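Please study the sequence and the model before working through the solutions.

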Amino acid sequence: MRRGPRWMITAAVIAVVVGSTSASATGDISPMSSRVPSQSDVAYAGDTDTAHRLDLYLPQATSGPFPLVVFVHGGAWSFGDKAMPVNTSYGTLRKVLAERGYAVASVRYRFVSRDPFPAQLHDVKAAIRFLRIHANRWGLDEKRFAVAGDSAGGQLALMAGLTGGGAGGDSLEGRVGAVEASSAVRAVVAYYPVTDLVRLFTDRTSAGCPVIARGPRSAEGRLVGGDPEAESMREAALNASPLSHAGQTRTPVLLMHGTTDCVVPQSQSRRMYAALRGSGTPVEMRLAPGGHSAPVFYRDPAMQGQVLDFLDRHLQH
């Protein structure tokens, strides 16, 4: 039975998490995780495009059906990869998830050097649909899917969760790969995500951050194919902003953000939190001291526990 809305933000809006990495938070291999994917370079779109590949990690020493977390890597929609090596932040995340009995699928997608938005979202949704269609093949529970991502991947994870199952219309669903299954998920975990392309640049200025490239040559400009701040690109920038899609589904969301992030200021998650809460969507936010991609998000036991608790509440029933 689905639980009612749960809105949570810790005392005085900010949950400041301070802690050092313990032995349990390292990337060491455990009986439940492995050094290599259970399935690697799986073609999820039925084509030969190497951008349409995923790696699947299944918990070891146990049997399914497993709840699944689809992970979308960051990299300004321009670089990065699906690899989650041991002793990296991504590897630590999948180890922690495996120890809790979660399967992880890490997705590669097309970069903006090839195609602008929404091509990246189409790819992520195609991967979700593919995994649902083939759930029995790998012992996955098709009814217990979540999506997670960091930075640019966090934007894509939010977009997938908020517009999944066709909620965002055909233009955001796409026709990549198999289309007969649903792309809907039951939970979203977004680490320091871009949520509002229109105000991202002014958010950086307001936070006292150094000037980062603006206009069409910025990462965000390459995503939408023009200057996100220009009136002529406003519709495209809004369409690619998760903030614009708050309330289209009621998929529960956990936002994780650093208080000194100058790449994606914390105001992006604060604004997203307010919009989701205002729409009646279950949402939680955790802020931690640190900048963009700070190791604390992946290696601190308290932060790990918050992610696991969120996923357990929304997937383990």
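**Exercise 1.** Determine how much space lies in the largest pocket, and which residues are closest to its centre.

*Solution.* Step 1: the largest pocket holds about 250 Å³ of space. A pocket is defined on a 1 Å grid over the protein atoms alone, as an open set of points where a 1.4 Å probe fits, with protein on both sides within 12 Å along at least five of seven lines; lining residues have an atom within 4 Å of a point. Grid points are joined across faces, edges and corners, and the volume is the space filled by probe spheres set on the points.
Step 1: the lining has 21 residues, and Gly75, Ala76, Ser151, Val263 and His292 are the closest to the centre.
Step 2: the lining divides into 11 nonpolar, 7 polar and 3 charged residues. Here Ala, Val, Leu, Ile, Met, Phe, Trp, Tyr, Cys and Pro count as nonpolar, Asp, Glu, Lys and Arg as charged, and the others, Gly among them, as polar.

The model is predicted: local features need pLDDT of at least 70 and side-chain atom pairs count only at pLDDT 80 or more, whereas totals for chains, interfaces and linings use all residues. Residues are numbered from 1 along each chain as its sequence is written, and side-chain values use heavy atoms, with hydrogens and water left out.

**Exercise 2.** Is helix H4 enclosed or exposed, and how many of its residues are buried?

*Solution.* Step 1: H4 covers residues 152-163 and reaches 16 Å from its first C-alpha to its last, close to the 16 Å expected at 1.5 Å a residue; the expected span is 1.5 Å times one less than the number of residues.
Step 1: 12 of the 12 residues of H4 are buried, so the helix is largely enclosed by the rest of the structure.
Step 2: just after H4, Gly165 takes a positive phi of about 65°.

**Exercise 3.** Which polar contacts does the side chain of Arg144 make?

*Solution.* Step 1: Arg144 belongs to strand S6 (residues 140-150), and is buried at a relative accessible area of 13%.
Step 1: its side chain meets that of Asp141 in a polar contact of 2.7 Å (a pair of N or O atoms within 3.5 Å; within protein, one must be able to donate a hydrogen and the other to accept it, and residues adjacent in sequence count only if both atoms are side-chain atoms).
Step 2: the side chain of Arg144 also reaches the backbone oxygen of Pro65 at 3.3 Å. The peptide bond from Gly64 to Pro65 is cis, with omega near 5°.

**Exercise 4.** Describe the disulfide and its handedness.

*Solution.* Step 1: Cys209 is joined to Cys262, S to S 2.1 Å; a disulfide is a pair of cysteine sulfur atoms within 2.5 Å.
Step 1: the torsion about the S-S bond of Cys209 and Cys262 is about -80°, so the disulfide is left-handed.
Step 2: Cys209 is buried at 11% relative accessibility, whereas Cys262 is partly exposed at 29%.

How values were computed: Helix = DSSP H or I, 4+ residues; strand = E, 2+ residues; numbered from the N terminus. Buried < 20%, exposed > 50% of the residue type's maximum accessible area, 1.4 Å probe, protein only.
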